[in-house]
Amino acid sequence: MSISKRKYVTNELTDFMELKGNQEIVRLVASRGNNLHEVETAGGVQYLVSMPTKYRKSVWVKRGDFVVIEPITEGNKVKGEIVNILVKETIRDLQRGRVWPPEFLANQGADEVPTECRTQRQSEAELVKERDSNSSSSSDSESDLVANMNRYQGT
């Protein structure tokens, strides 16, 4: 992709936009590969949307980003196509214009880490605390070592 095309696409992202017709704001949940992304609506419904060719290899999105999609009727799995990727300035403008879904307002300040990752982090933190308390009593013990989950442990 040429540099001028990339500049055009990135400038388009920062322009003020309005929702037209049946477009809606959704949050990206996960990337499913092949320019398909799983999104979640304000109502909590999840489905796949496709990334148009003009954004491929010039704009990258990650989990928790907001996009505007246009629903498509054909197809069973892919239910929409990304029309615009929302950046911070555009999100602020949409919130001021009272177009932003209130369900996303409540979640925007929250940590975007999924609950299974949070529980894993909490359990790791508990292991570290336990290890620190045990290390003062017996520093040479091998019981303090955490099992490597990447290795096969045959019986």
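This is a predicted model: local features need pLDDT of at least 70, side-chain atom pairs count only at pLDDT 80 or more; totals for chains, interfaces and linings use all residues.
User: What makes β2 and β3 a pair of strands?

Analyst: Two strands pair if DSSP finds at least two bridges between them. Strand β2 (residues 36–40) and strand β3 (residues 46–50) have five bridges, in the antiparallel sense.

User: Which residues of helix α2 are called buried, and why are they said to be on the same side of α2?

Analyst: Buried means under 20% relative accessible area. In α2 (residues 88–96), T90, I91 and L94 are buried. They cover an arc of only 100 degrees around the axis, so they lie on the same side of α2.

User: What is found on the other side of α2?

Analyst: K88 and R96 are exposed there, and exposed means over 50% on that scale. Just after α2, R98 has a positive phi of about 60 degrees.

User: Where is confidence lowest and where is it highest?

Analyst: The pLDDT scale runs from 0 to 100. Confidence is lowest in helix α4 (residues 115–135), with a mean of 56, and highest in β2, with 96. Residues 109–118 have a pLDDT below 50, and this stretch has eight contacts in the model beyond near neighbours in sequence. For the protein, the mean is 79, and 72% of its residues reach 70 or more.

Conventions: Residues are numbered from 1 along each chain as its sequence is written. Side-chain values use heavy atoms; hydrogens and water are left out. Helices (H or I, at least four residues) and strands (E, at least two) are DSSP runs, numbered from the N terminus. Buried means under 20% relative accessible area, exposed over 50%, partly exposed in between (1.4 Å probe, protein chains only). The arc is that of the directions from the helix axis to the C-beta atoms. pLDDT is the predictor's confidence in each residue, from 0 to 100. Contact means heavy atoms within 4.5 Å.
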